[in-house]
Amino acid sequence: MKAIIYCRVSTEKDTQETSLTRQKEELLQLAERYSFEVVHTIEEKASGFDVDRDGMMEVIEVVQREQIDILLVQDETRLGRGHAKIALLHFFVKEGIQVYTISHNGKLHLSESDSMMLEIISIVEEYQRKLHNAKIRRGMKRAVEKGYRPEKNLKNVGENAGRDRKDVPIEEIIRLRGNDLTFEEIAATLRGFGYDVSKATVHRRYREHMEKEDESLA
């Protein structure tokens with residue numbers, strides 16, 4: 001399983017360099033204990049109350065761009081504090097990232113209050129998604145009644161059988177991802193249009209596209 005290490009201290013004092021080094025060494029040992037493959041190590045000096053941190057933004061970008069399974073941190077406060085911590089925990093849960101910590105000597109165990117907060121957020125998001133989908137269905141129904149045919153917007157529908165490498169509409173994947181749909185939701189949407197694709201295929205094509213974009217900007 002692929003892992004990313006995140007180390008943080010809250011001040012710019014030179015004495016904190018020792019803390020960063022110790023965090024990294026201990027997390028590398030934790031990764032070795034669980035046979036994780038560490039593909040990135042990110043360190044920074046920033047307040048845990050601030051969610052807009054360069055290092056954490058880099059972590060988020062890596063998670064969205066690559067097939068990361070595990071996030072390794074010294075303890076949950078290294079992710080952040082207060083609302084910033086809850087927001088980041090929610091993000092990693094949605095992305096399917098498991099958090100391992102030194103303090104728990106393994107997988108992070110959330111407090112009862114944090115678990116309750118994440119559950120409330122998930123419930124609210126689920127109802128927001130239902131409302132969003134209901135609006136989409138109503139809009140598509142009206143469009144179809146006026147002659148719109150959604151299948152014409154996607155090319156090669158039904159023509160992928162027997163190919164080693166599936167043809168998927170990368171433009172649609174990028175657009176749907178931009179609308180905050182998960183890879184699983186995108187795969188379900190494309191299957192509805194006749195594309196036999198899995199969540200893994202959609203994620204891989206998205207990652208390949210983003211890597212090509214990065215190379216073109218380099």
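Residues are numbered from 1 along each chain as its sequence is written. In this predicted model, local features need pLDDT of at least 70 and side-chain atom pairs count only at pLDDT 80 or more, while totals for chains, interfaces and linings use all residues, and side-chain values use heavy atoms, with hydrogens and water left out.

The chain contains 8 helices and 5 strands, taken as DSSP runs numbered from the N terminus (helices H or I, at least four residues; strands E, at least two). Their order from the N terminus is β-α-β-α-β-α-α-β-β-α-α-α-α. Of the 218 residues in the chain, 34% are buried, where buried means under 20% relative accessible area, exposed over 50%, and partly exposed in between (1.4 Å probe, protein chains only). Among contacts in the chain with a separation of 6 or more, 71% join residues 24 or more positions apart; a contact means heavy atoms within 4.5 Å.

The 5 strands form an open sheet of mixed pairing, in the order β2-β1-β3-β4-β5. Two strands count as paired if DSSP finds at least two bridges between them. At the edges are β2 (37–45) and β5 (106–107), each pairing on one side only. Strands β1 and β3 are parallel and share 3 bridges, and Ala3 has Ile70 of β3 as its bridge partner. On the other pairing of β3, 4 bridges link this strand to β4 in the parallel sense, with Ile70 opposite Gln98 of β4. Strand β4 (residues 98–101) runs antiparallel to β5 and is joined to β5 by 2 bridges; here Thr101 stands opposite Gly106.

In a regular strand the side chains alternate between the two faces of the sheet. In β3, Ile70 and Leu72 point one way and Leu71 and Val73 the other, and all are buried.

Helix α1 (residues 16–33) lies across β1, β2, β3, β4 and β5 and runs at about 160° to β1, with axes fitted as lines to C-alpha atoms (for helices over the stretch in contact) and angles running from 0 to 180 degrees between N-to-C directions. Helix α2 also packs on the sheet, where α2 touches β1, β2 and β3 and makes an angle of about 155° with the direction of β2.

Leaving aside residues up to four places away in sequence, Phe92 touches Met56, Val59, Val63, Leu71, Leu79 and Ile97.

Helix α6 (residues 170–178) packs against α8 at about 90°, with the axes 10 Å apart. The two helices α6 and α8 are therefore roughly perpendicular, a term for angles of 65 to 115 degrees. Ile170, Ile173, Ile174 and Arg177 of α6 meet Val202, Arg205, Tyr206 and His209 of α8. Ile174 is partly exposed, with a relative accessible area of 27%, and touches Tyr206 and His209, not counting residues up to four places away in sequence. The buried residues of α8 are Thr201, Val202, His203, Arg205, Tyr206 and Arg207.

Key: Parallel < 35°, antiparallel > 145°, perpendicular 65-115°, else oblique.
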